[in-house]
Amino acid sequence: MPEKSMAIIGAGLAGLSAGCYAQMNGYRARIFEHHGQPGGVAAAWRRGDYLFDGGIHFLMGAPPGQPLFRLYEELGVADAARHLGLDLYLNLTDETSGRSVTVTRDLDRLARDLRALSPGDAPAIDELIAGTRAMQRSGFLDLEMGRPRELGSPLAPLRQLWSMRRALRLFGGKFALPVSEYARRHVQDHWLRFVLEGLFMPEVPVWFLFMILGLLAEGRIGLLERGSLAFARDIEARFRELGGEVTYHATVARILVEGDRAVGVRLEDGSEHRADVVISAADGRATLFEMLEGRYLDAATKERYRSWPRIRPMLMINYGVRREFPGEPWERILRLAEPLAVGPQAVSLIGIRLFNYSAHFAPPGKRVAQVAFDADWDYWHGLREQDGARYEAEKARVASDALARLERHYPGIAAQVEETDVATPHTTWRYTRNYGGAYMGWMPTPKAIMTTLPRTLRGLDGFTMAGQWVVPGGGVPPSLYSGRHAVEIACRLERRRFTTRT
Ligand SMILES: Cc1cc2nc3c(=O)[nH]c(=O)nc-3n(C[C@H](O)[C@H](O)[C@H](O)COP(=O)(O)OP(=O)(O)OC[C@H]3O[C@@H](n4cnc5c(N)ncnc54)[C@H](O)[C@@H]3O)c2cc1C
């Protein structure tokens with residue numbers, strides 16, 4: 001079959017994945033990336049001695065032998081994905097009451113610890129553990145996304161329902177409620193509500209917690225020893241090895257359309273690049289409303305972009321410190337006794353991530369400590385646009401106030417900081433163009449997470465979408481699969497046989 005060209009917008013994980021599968025299937029693929037490095041939100045940046053990693057916390061489905069591992073092998077990240085086993089998932093601590101719980105792979109220990117902290121909630125605790133165990137038995141933890149829904153037979157959803165029949169109860173009834181709602185109705189103790197909400201996000205369905213805890217218990221999630229950027233760079237290397245080309249600092253302004261067919265891209269610098277097929281793995285809103293000028297939108301898509309909640313943007317502070325944190329949990333959610341004043345917000349929940357599990361992020365005797373919390377897009381974006389000096393000053397003030405809070409838990413840390421870096425929601429947007437700083441796309445509400453979004457647009461040929469805006473909730477495996485699916489769909493439209501071999 002004659003070689004055809006493909007233009008891919010975005011060198012995030014989805015765009016890189018699409019590029020690899022495109023090359024495997026006989027396309028000549030070129031990726032156009034806005035930023036100067038691969039990875040998108042799976043980002044890391046160097047400051048002095050330190051590598052600040054602002055992306056992936058843990059990788060799902062990584063150990064060799066897992067079904068997902070084949071995907072990692074195909075994309076050249078089998079080594080990067082050969083992760084550090086994760087025994088400890090998270091510690092949750094409440095400063096006011098002093099109550100604290102550490103979530104590990106040991107579900108019996110978790111049940112015991114939670115019951116000790118909140119004896120009146122034994123029924124809800126038992127339900128959490130029983131649900132997790134049932135999820136372990138269900139087969140859902142393979143996380144394989146198979147073929148794109150668009151290419152399956154019309155009976156495929158029915159077949160899937162049939163195969164799920166024994167586990168359906170896990171996804172329905174009260175387990176389909178958002179965790180916050182479930183906790184409000186079924187959990188008495190405020191502390192336990194905080195624990196359940198902190199296990200992931202308050203908005204996810206309860207069954208999502210079963211899935212996370214099940215993956216943890218099975219040893220199917222791990223930490224990336226070399227971090228997010230190395231993971232992305234390995235896929236980029238695979239793409240280049242397959243013959244693909246990446247152009248950085250190349251921001252796509254428009255998708256070129258002729259006779260209702262995508263025929264290439266125009267960059268912000270005015271240059272035009274023709275291609276037989278276009279895949280956008282960039283921000284969904286920018287793709288649909290700006291690059292395609294809103295021309296191929298149906299009512300459901302418009303409504304989704306009007307009303308669906310997005311992931312709350314984040315403010316992240318990285319401290320490079322001249323110390324280690326032996327024995328400290330790598331991840332902690334802290335409920336502050338006194339909220340932190342940040343713009344219009346009173347922040348009472350902060351995440352603390354200590355990069356004490358790998359020597360990759362700092363030289364011996366030094367470590368990175370990271371603080372992150374939900375932040376307000378309008379405030380930070382507005383401040384940056386209106387008054388750059390005040391924006392910088394406010395970043396420095398917040399970093400200093402947050403450090404003072406860490407002092408209570410890691411005495412001496414304030415005097416040991418050598419480098420500080422603050423990334424606001426505006427920073428996320430500046431480097432990745434995700435709308436409103438929504439670093440994982442749509443909020444994984446029960447409705448969003450159960451919805452299969454279309455990847456092609458009615459009336460437009462030669463165009464497919466990939467990335468976290470077409471797989472609600474994002475995440476590494478879904479984003480990688482979305483890139484593969486976009487190429488599978490393109491192949492089908494052109495009557496090519498899809499292959500994962502080179
Ligand atoms: C802090 C953090 C922690 C996370 N933790 C985990 C985790 O533990 N486990 C997990 O599975 N997932 C995690 N994720 C989510 C996961 O990393 C993302 O869902 C996934 O990487 C998204 O990839 P993507 O390619 O779809 O999108 P993006 O990374 O947003 O990539 C889009 C790319 O398109 C480029 N682009 C945008 N507009 C244009 C344009 N006009 N022209 C050219 N290029 C453009 C951007 O610069 C970007 O590189 C985390 C994310 C973050 C931020």
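How many nonpolar, polar and charged residues are in the shell around the ligand? Select the ligand and the residues near it (a heavy atom within 4 Å), and you get 19 nonpolar, 16 polar and two charged residues. Here Ala, Val, Leu, Ile, Met, Phe, Trp, Tyr, Cys and Pro count as nonpolar, Asp, Glu, Lys and Arg as charged, and the others, Gly among them, as polar.

A quick note before moving on. This is a predicted model, where local features need pLDDT of at least 70 and side-chain atom pairs count only at pLDDT 80 or more, while totals for chains, interfaces and linings use all residues. Residues are numbered from 1 along each chain as its sequence is written, and side-chain values use heavy atoms, with hydrogens and water left out.

**Stop one: the ligand**

Stay with the ligand: 37 residues surround it, and the closest are E33, F58, N434, Q468 and V476. Now show polar contacts (pairs of N or O atoms within 3.5 Å). Click on N434, where a side-chain N or O atom is 2.8 Å from an oxygen atom of the ligand. Q468 also has a polar side-chain atom 2.8 Å from a ligand oxygen. At G475, pick the backbone instead: an N or O atom there lies 2.8 Å from an oxygen atom of the ligand. Taken alone the ligand exposes 1,000 Å², and the protein buries 96% of that (Shrake-Rupley method, 1.4 Å probe).

Next, colour by helix and strand (DSSP runs: H or I of at least four residues for helices, E of at least two for strands, numbered from the N terminus). Two or more shell residues come from each of α1 (13–24), α15 (425–432) and α17 (476–493). Of the elements, α17 gives the most, with three residues.

**Stop two: the open sheet**

Find the seven strands in the order β8-β7-β16-β17-β18-β15-β19, an open sheet with mixed pairing (two strands pair if DSSP finds at least two bridges between them). β8 (100–104) and β19 (417–423) are at the edges with a single partner strand each, so one side of each has no neighbour in the sheet. Zoom in on β7 (88–94), which pairs with β8 in the antiparallel sense over five bridges. Select T93 and you'll find S100 of β8 opposite.

**Stop three: a hairpin**

Last, select β11 (252–258) and β12 (261–267), antiparallel strands joined by six bridges. R254 has R266 in β12 as its bridge partner. Two residues separate the strands of this hairpin, and G259 in the turn has a positive phi of about 55 degrees.

Conventions: A polar contact is a pair of N or O atoms within 3.5 Å; within protein, one must be able to donate a hydrogen and the other to accept it, and residues adjacent in sequence count only if both atoms are side-chain atoms.
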